[in-house]
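Subject: Structure handover

Hello,

Please find the model below, with its sequence. My notes on what was found in it follow.

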Amino acid sequence: MARLVLLSEGLTGRAFELKSETTTVGRVSDNAFEIPESSVSSHHAEIVLRGGDVVVRDLNSTNGTFINGDQITGEAVLKPGQILRLGTIEMRLETAEAAPSKRKTQLEQTRVIPQGVKMDELEGAGAPPTFDKQTGFEKKSNKGQKIFVGLVVVVMLVLFAALIWVLKR
């Protein structure tokens, strides 16, 4: 029996058995397969079992219906193992004959993390970096801070002198 297994975060592992000849999929509760997610239209798509084929028909959805990344207009055949995307929700068609192994599912979700630059690949590798040129990472001057502190000291001295002058009067 064919079924759709949800792959999107928050819905992972949830599945829907395609038992009837026609299954409506959408956000509202009158669909046979309800997916309460804002990117899914109220009545997004229809899934029809036609002989041995699973046919997906887009119902003029707002965010589109895609099979393996290709947008479908009208209808298209969904084969076991292919990814059906409604809005931002992804699901895979599985059948009893072609149920993927757990290992394959984990490999499909593996991402390659790009490696950074190695020290020996840099220009002038071998010598330690020098910072004698203007690079923008030099220590900044604290001249402004010194002026501010000087002004605060002068103002405090003036206020103290004025306070003493008022008290002696």
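**Fold and contacts**

The protein chain has 2 helices and 11 strands (DSSP runs numbered from the N terminus, H or I of at least four residues for helices, E of at least two for strands). This is a predicted model, in which local features need pLDDT of at least 70, side-chain atom pairs count only at pLDDT 80 or more, and totals for chains, interfaces and linings use all residues. Residues are numbered from 1 along each chain as its sequence is written, and side-chain values use heavy atoms, with hydrogens and water left out.

In sequence order the pattern is β-β-β-β-β-β-β-β-β-β-β-α-α. Of the 169 residues, 25% count as buried (buried is under 20% relative accessible area, exposed over 50%, partly exposed in between, with a 1.4 Å probe and protein chains only).

**Sheets**

Strands of a sheet pair through backbone hydrogen bonds, either parallel or antiparallel. Here two strands are taken to pair if DSSP finds at least two bridges between them.

Arginine 3 has a bridge partner in each: glutamate 17 in E2 and glutamate 94 in E11.

The loop between E2 and E3 contains lysine 19, which is exposed at 65% relative accessibility. Its C-alpha atom is 7.8 Å from that of alanine 2, although the two residues are 17 residues apart along the chain.

Another open sheet has 5 strands in the order E4-E3-E5-E6-E9, and its pairing is mixed. Its edge strands are E4 (33-34) and E9 (75-78), each pairing on one side only. Strand E3 (residues 22-26) and strand E5 (residues 45-50) are antiparallel and share 4 bridges; threonine 22 has valine 48 in E5 as its bridge partner.

**Salt bridges**

The structure holds 5 salt bridges (a side-chain nitrogen of Lys or Arg within 4 Å of a carboxyl oxygen of Asp or Glu). Which residues meet arginine 57 in salt bridges? One is glutamate 46, at 2.5 Å from N to O. That pair links distant parts of the chain, with glutamate 46 in strand E5 and arginine 57 in strand E6 (residues 53-58), 11 residues apart. Another is glutamate 75, at 3.1 Å from N to O. Glutamate 75 lies in strand E9 and arginine 57 in strand E6, so this pair ties together parts that are 18 residues apart in sequence.

The relative accessible areas of these residues are as follows:

- Glutamate 46: 18%, buried.
- Arginine 57: 27%, partly exposed.
- Glutamate 75: 37%, partly exposed.

Arginine 92 and glutamate 94 form a salt bridge as well, their closest N and O atoms being 3.2 Å apart. Arginine 92 is buried at 5% relative accessibility, and glutamate 94 is buried at 8%.

**Rings**

The count of aromatic pairs is 1 (rings of Phe, Tyr and Trp, the last by its six-membered ring, with centres within 6.5 Å; planes under 30 degrees apart are stacked, over 60 edge-to-face, the rest tilted). The rings of phenylalanine 16 and phenylalanine 33 have centres 4.6 Å apart and planes at 10 degrees, so the pair is stacked. Phenylalanine 16 is in strand E2 (residues 15-17) and phenylalanine 33 in strand E4, 17 residues apart. Phenylalanine 33 is buried, at 2% relative accessibility.

The charged end of arginine 85 sits over the ring of phenylalanine 66, 4.0 Å from its centre (the rule is NZ of Lys or CZ of Arg within 6 Å of the ring centre and within 35 degrees of the ring normal).

**Surface**

Phe148, Val149, Val152, Val153, Val155, Met156, Leu157 and Leu159 form a nonpolar surface patch with about 770 Å² of accessible area together. Patch residues have over 30% relative accessible area and no salt bridge, with like charges joined within 9 Å and nonpolar side chains (Val, Leu, Ile, Met, Phe, Trp, Tyr) within 5 Å. Areas come from the Shrake-Rupley method with a 1.4 Å probe, and for residues only the protein chains shown count as cover. Leucine 159 is in helix H2 (residues 143-168) and is exposed, at 54% relative accessible area.

Regards
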